[in-house]
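Below is a briefing on one protein model.

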Amino acid sequence: YEKQFYNALGEHSNFCITTTAWQDSSTSFCQQIIKTFYELFPQSQFDLNVAFTFEAVLIAADAYRRAKSFEPEALREALSKTHITERVVYGGPIEFDAQGQAKNIQSVALQNIQGKPKIVLPKILSETHLTFPFPTWKSA
């Protein structure tokens with residue numbers, strides 16, 4: 001799904017399938033984040049790296065707001081109680097388990113279509129139909 005993959009493989013990147021966490025562009029919150037991103041970075045691609053980076057900053061700001069401190073113990077306590085329901089990545093609320101691992105992240109299936117990752121599963125988020133079997137490549 002990364003732009004470098006498309007740039008390197010060109011048309012041969014078409015129809016490859018990836019399962020991964022991904023942004024939930026069906027929500028107005030995510031749509032606004034994507035819109036703002038492209039206004040600021042029109043030549044870039046909004047993908048999982050950007051979505052997770054945005055959520056990381058959101059989590060840090062939320063923890064600081066609740067901890068009202070930069071002290072490690074106060075921030076750790078605030079992070080352990082994180083519960084953010086409006087998010088960019090597909091899944092349930094942003095929360096962490098006792099070991100600090102993120103909970104509620106769900107995967108989607110992406111298929112490369114004409115140089116862009118498109119959600120094909122789950123159907124509630126699908127942007128296009130799954131192409132399978134893949135069409136054969138034409139030799140040059």
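**Salt bridges, contacts and a pocket**

R76 and E73 are about one helical turn apart because they sit three residues from each other in helix α4 (residues 72-80). The two form a salt bridge, with their closest N and O atoms 2.9 Å apart. The model is predicted: local features need pLDDT of at least 70, side-chain atom pairs count only at pLDDT 80 or more, and totals for chains, interfaces and linings use all residues. Residues are numbered from 1 along each chain as its sequence is written, and side-chain values use heavy atoms, with hydrogens and water left out. Helices (H or I, at least four residues) and strands (E, at least two) are DSSP runs numbered from the N terminus.

**Salt bridges**

- Eight salt bridges are found in the whole structure, each being a side-chain nitrogen of Lys or Arg within 4 Å of a carboxyl oxygen of Asp or Glu.
- R76 is partly exposed at 44% relative accessible area; buried means under 20%, exposed over 50%, and partly exposed in between (1.4 Å probe, protein chains only).
- D62 and R65 form a salt bridge at 2.7 Å, N to O, and they are about one helical turn apart because three residues separate them in helix α3.
- D62 is buried at 13% relative accessible area, whereas R65 is exposed at 52%.
- E95 pairs with K103 in a salt bridge whose closest N and O atoms are 3.9 Å apart.
- E95 is buried at 19% relative accessibility, and K103 is partly exposed at 35%.
- Salt bridges with shared partners link E73, R76, E77 and K81 into one network.

**Two residues and their contacts**

- E55 lies in helix α3 (residues 48-67) and is buried at 3% relative accessibility.
- Not counting residues up to four places away in sequence, E55 touches R87, V88, V89 and I94; contact means heavy atoms within 4.5 Å.
- F5 belongs to helix α1 and is partly exposed, with a relative accessible area of 33%.
- Apart from neighbours within four places in sequence, F5 is in contact with G10, S13, C16 and N112.

**Lining of the largest pocket**

- α1 (3-9), α2 (28-40) and β5 (116-121) each supply at least two residues of the lining of the largest pocket.
- β5 gives the most to this lining, with four residues.
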